[in-house]
Amino acid sequence: MGALEVALLIIQGFLTIYFTLLTTRAVVLLFFAMRYEKKLRSLGENKELLARRPFVTIMIPCYNEKNVVERAIESCLSVDYDNFEILVIDDSTDETVEILEKWARHPKVRVIHRSERKGWKGGALDEGLKHLDPRTEFILVVDADQVVPRSIIKKMLAKFTDEKVAAVQGRSSSILNADENWVTMAARTFSTLGFAVEHPGRFAMGGANPLSGSTMMVRKDVLEEVGGFGDSITEDYDLTLRIYIHGYEVVYDDSVRSLTECPSTAWDFMKQMCRWLEGRVRNFRKRFKDIIRSDKLPLRKKLDLALECLANTAALAAALGSISWFISFVTGVQAPSFLAFLGLPGPVQLAFSTYLLVGYPLVIFAALKKEGEKRTVGWLISFFLAMGLAVPFSLGALLRGAFADTGYFYRTVKTGRITMLGEFLSEEYVMRGGVQAPYGLEGSSGLGLLAGLFTRPPNML
């Protein structure tokens, strides 16, 4: 066997082991996701905290969100809770400023304008911490394009069952415009995989379930202890790591579902994914020593974080596989199959190859079915097409996260378009004001008045 054949065999062996780990991780998470409801019920509810009605500040960080911010404010004002305020931290340079000036006159809404985007979203949230009502005990972060359920505060407060719970993460359902085009279909599928499999699976298995940056409630005292939200381009993940390093827990409550929209152009979706990837890799690198040394972080959570970091390097593995194939194609040198090199019988090789080929798609299929999607082919095709096109961009993001110390927070444009609302609207969701109406009745203003005409879909609420 020549040197090139040996090199190709080593690469093939590495990729086989790598994708076996990733596929097995996804399958294991799906298994635990099926046991999630039992784990959540075992926590019970903090009825004493609910009875005390602690003061909650709803923070909405905002940057040029003229199409959607009124919709978010309206839904937050409609929550089934009375002891709260809405604090909008605005960095806008467009008409959003004038829109928010009108809302600032509302007795439950305060608006803070920043002249620069220092620290990005995390910096805006940290600025909000300086202006909290002194009564604030819990902070609920909501993105400007979200529509929150009326029960969001009560449900989340109920899950702070002991002093170790620092935060409760709800589900962001990227559904409002999910079938607009192939990009939104891919983005919705990506989100569904995270919230239907990864979040519940990691929570149920006792892993380090992450915060996602919105539809999340955090204790004010814990935020002060761990150093606030921070200035990372993925402030949610950096906060997650600091929370676990300090020995706290994050509860995932899938029953709290905010409706949100998907990026509608390929460029916006790629930028969003690359920001998430770059920031998470950088956060893990910077916090790695603290993670390893923390005696408050169980081994199971350390391993979970390590496997997540490994999953974030998929673009590098895909690029390595492409290079290997290209070299083999150009030179005509064919390395023996790694499975054959190990001496595995033919049927075993076939079974193993089938597992690697269909395992991950089946996990995504199960995630879509879990959300109630009846037709999955289009969603799957869109997802894998987007992931394939994203490889070179993701590779760049991975390298920036691994070697650069700073990044840029690319804003994902929110259009306010709604294409799937009729399937999911119920009395839990109220929308008025800034709803856009490019699709006839879906998106018409005053939707909150129609909410009572819809029944709660079993697959959504």
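**Entry 1: Thr189**

Which backbone oxygen lies 3.4 Å from a polar atom of the side chain of Thr189? I looked it up and found the backbone oxygen of Trp379. Before going on, I noted that this is a predicted model, in which local features need pLDDT of at least 70 and side-chain atom pairs count only at pLDDT 80 or more, while totals for chains, interfaces and linings use all residues. I also noted that residues are numbered from 1 along each chain as its sequence is written, and that side-chain values use heavy atoms, with hydrogens and water left out.

The side chain of Thr189 also has a polar atom 2.8 Å from the backbone oxygen of Met185. I wrote down the rule for a polar contact: a pair of N or O atoms within 3.5 Å, where within protein one must be able to donate a hydrogen and the other to accept it, and residues adjacent in sequence count only if both atoms are side-chain atoms.

Thr189 sits in helix α8, residues 182–204. Helices (H or I, at least four residues) and strands (E, at least two) are DSSP runs, numbered from the N terminus. Thr189 counts as buried because its relative accessibility is 1%. Buried means under 20% relative accessible area, exposed means over 50%, and partly exposed lies in between, with a 1.4 Å probe and protein chains only.

I then listed the contacts of Thr189 (contact means heavy atoms within 4.5 Å). With neighbours within four places in sequence left aside, they are Ile364, Leu368, Trp379 and Phe383.

**Entry 2: the whole protein**

I stepped back to the overall numbers. The protein has 18 helices and seven strands. Its C-alpha trace spans about 80 × 55 × 45 Å along the principal axes. A compact globule of 461 residues would have a radius of gyration near 23 Å, and the protein agrees because it has 23 Å. That radius is taken over C-alpha atoms, and the globule rule is 2.2 Å times the number of residues to the power 0.38.

Of the 461 residues, 55% count as buried. Among contacts with a separation of 6 or more, 81% are between residues 24 or more positions apart. The protein exposes about 20,000 Å², and carbon and sulfur atoms supply 61% of it. Such areas come from the Shrake-Rupley method with a 1.4 Å probe; for residues, only the protein chains shown count as cover.

**Entry 3: Gly170 and Thr215**

I found Gly170 in strand β5, residues 165–174. With 0% relative accessibility, Gly170 counts as buried. What does Gly170 contact, leaving aside its neighbours within four places in sequence? I found Met156, Phe195, Thr215, Tyr252, Asp253 and Val256. Asp254 is 84 residues from Gly170 in sequence, but their C-alpha atoms are 5.7 Å apart in space.

Next I checked Thr215, one of those contacts of Gly170. Thr215 lies in the loop between α8 and β6 (216–219). Thr215 is buried, at 0% relative accessible area. Its phi is near 50°, a positive value in a residue other than glycine.

**Entry 4: Ser212**

Ser212 is also placed in the loop between α8 and β6. Is Ser212 buried or partly exposed? Its relative accessibility is 23%, so I recorded it as partly exposed.

Without residues up to four places away in sequence, Ser212 touches Gln169, Phe195, His199 and Asp236. The side chains of Ser212 and Gln169 are joined by a polar contact of 2.8 Å. A polar atom of the Ser212 side chain lies 3.4 Å from the backbone oxygen of Ser214. I also noted Tyr237, which is 25 residues from Ser212 in sequence and 7.2 Å away in space, C-alpha to C-alpha.

I looked at helix α4, residues 69–77. It is largely enclosed by the rest of the structure because eight of its nine residues are buried.

Asn64 lies in the loop between β1 and α4. Asn64 is buried at 13% relative accessible area, and its phi, near 55°, is positive in a residue other than glycine.

**Entry 5: Ala51**

Last, I found Ala51 in helix α3, residues 47–52. Ala51 is exposed, with a relative accessible area of 63%. From Ala51 to Ile323 I noted 272 residues in sequence and 61 Å in space, C-alpha to C-alpha.
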